[in-house]
Amino acid sequence: MSERLDHLAGRTVIVGSGLAGLMTALTLAPEPSVIVTRAALGAETSSAWAQGGIAASIGAGDSAALHLADTLAAGDGLCDRTVAAGIIAEAPAAIAALEQAGVRFDRNATGEFSLGLEAAHNRRRIVHAEGDGSGAAIIAALVRAVAQSPAISMLEGFEARRILMDGEEVAGLLCATADGAAILPTAKVVLATGGIGGLYDATTNPIGNFGQGIALAARAGAELADMEFVQFHPTALDSRRRPLALVSEAVRGEGALLVNESGERFMVRIPGAELAPRDVVARAISAEIARGGRVFLDARDALGSRFAPRFPVIAALCGEAGIDPAKDLIPVRPAVHYHMGGVATDANGRSSVPGLWVAGEAASTGLHGANRLASNSLLEAAVMGMRAARDVAGMPARTGSPLQSERLPALADASLVRPVVSRHLGVLRNGGAVQDAIAALLPLAESDGPAADPAIVALLIAVFAGLRMESRGAHARTDFPLKLADIKRRRMRLSQALEIARATPPYSLARSA
């Protein structure tokens with residue numbers, strides 16, 4: 001039996017407490033809202049682990065046009081130019097809103113923002129806080145602001161399991177709690193659940209983040225977009241730690257070099273070298289590792305003793321692995337870091353399902369295209385959280401039909417899915433591997449067991465990857481290494497993806513036929 005939380009009925013329900021979710025709630029206030037989070041507020045979020053900061057064209061000699069040009073170049077032809085231009089133009093307002101909420105960004109001796117440089121940016125435009133602890137500092141400030149707002153209710157230890165529907169419209173949210181099941185009656189749900197890194201063995205994301213928001217929206221009938229584009233951060237610290245620790249691009253921005261086990265600076269032959277877009281660097285490092293080599297970041301000459309003061313978090317993580325960045329090479333490897341795909345939304349965060357908005361990494365707005373530009377993620381989360389809130393506030397109240405009790409689905413478990421995804425849907429892909437992934441994932445996705453939701457998200461990635469017969473941005477296929485002239489973003493519902501998956505022959509059978 002499910003408990004109905006009627007005292008919260010009608011409030012906007014925000015699922016997730018990273019940057020996008022917290023900004024949605026704060027912007028909605030004084031309109032009442034409810035934040036649903038399976039962990040403590042702000043915990044287990046990728047936002048809190050972000051090191052670099054927020055991209056914003058606020059420095060001397062910079063402009064929104066230059067920021068847009070860098071974004072479009074990194075996006076490799078698949079950015080929605082209009083959406084990207086709009087989000088980038090709002091960067092200064094987002095920084096101001098975050099400061100008003102209590103975030104204290106780093107400034108130089110003259111009181112101006114201290115701006116960092118990251119890969120594929122042609123200007124210093126990364127606004128950061130507490131050196132490389134930007135995400136943690138931002139989330140901590142926003143959590144304090146949310147806790148002080150009487151308009152925001154918080155349900156910690158609540159895990160969203162299903163969106164409840166009244167026909168084709170949102171009517172509520174079914175959650176798992178320590179005491180069983182709870183239903184939140186609402187006609188307005190905002191998903192801000194983060195990414196899909198937990199589907200992979202090598203990731204810099206919280207392990208529990210397997211794309212819950214995508215699964216929730218997909219089951220509710222929402223359109224998904226660009227699911228094949230999974231960004232691998234080129235430089236995760238290669239250690240036994242799980243998830244892998246991130247070595248921010250800002251380290252390369254300060255002059256650190258990539259070398260292999262022979263000391264060769266292999267990126268020097270590639271345009272942009274160490275500061276090439278992430279997809280380019282990740283593929284180059286993967287090629288070095290695939291031939292049996294190792295890859296290191298060398299910050300000894302560029303930073304030396306200045307490493308720890310500039311990057312205190314990274315220095316501590318290196319120390320945990322027995323490495324002193326001032327004197328030692330830092331071993332690195334690619335790891336899943338961000339998902340450009342997600343629930344398709346418009347410029348205000350609306351999905352194709354009435355009453356459902358999505359903001360942050362769980363959404364696909366078109367800002368990132370085939371490959372996200374560094375530090376545009378926190379920018380998008382802040383701007384789209386604010387936009388979604390304004391759009392939600394402008395929607396008239398709606399009273400849905402009485403909700404029926406539903407059986408609480410099993411607790412999700414990605415352990416059966418992770419090996420399939422890691423092996424077949426990594427940095428380098430091919431048609432046979434994608435077909436094998438689909439064959440392994442389909443029965444799990446169609447089951448009602450604990451692997452079903454993670455398998456649905458993974459299956460969507462595989463189906464989208466199989467349909468994109470080219471290499472572009474973060475999607476690299478060894479059997480289709482070139483780019484197509486006719487390019488477009490792709491949208492699809494779960495029902496369509498399942499039909500394609502059922503019609504896809506297993507590669508092993510097709511190969512032997």
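A: What follows begins with the arginine and then turns to the cores and the annotated span.

This is a predicted model, in which local features need pLDDT of at least 70 and side-chain atom pairs count only at pLDDT 80 or more, while totals for chains, interfaces and linings use all residues. Residues are numbered from 1 along each chain as its sequence is written, and side-chain values use heavy atoms, with hydrogens and water left out.

R125 sits in the loop between β5 (115-116) and β6 (126-127), strands being DSSP runs of E with at least two residues and helices runs of H or I with at least four, numbered from the N terminus. R125 is buried, at a relative accessible area of 0%, where buried means under 20% with a 1.4 Å probe and protein chains only. Its side chain makes a polar contact with the side chain of D62 at 2.9 Å (a pair of N or O atoms within 3.5 Å, one able to donate a hydrogen and the other to accept it). Leaving out residues up to four places away in sequence, R125 also touches, among others, I54, S57, L66, H67 and D70, contact meaning heavy atoms within 4.5 Å.

As for the cores (buried Ala, Val, Leu, Ile, Met, Phe, Trp, Tyr and Cys residues joined through side-chain atoms within 4.5 Å), the largest has 69 residues, and L199, L356 and L460 have the most contacts inside it. Helix α15 (residues 452-467) supplies the largest share of this core, 11 residues. A second, separate core of 49 residues includes A84 and I139.

Definitions and conventions
Buried means under 20% relative accessible area, exposed over 50%, partly exposed in between (1.4 Å probe, protein chains only).
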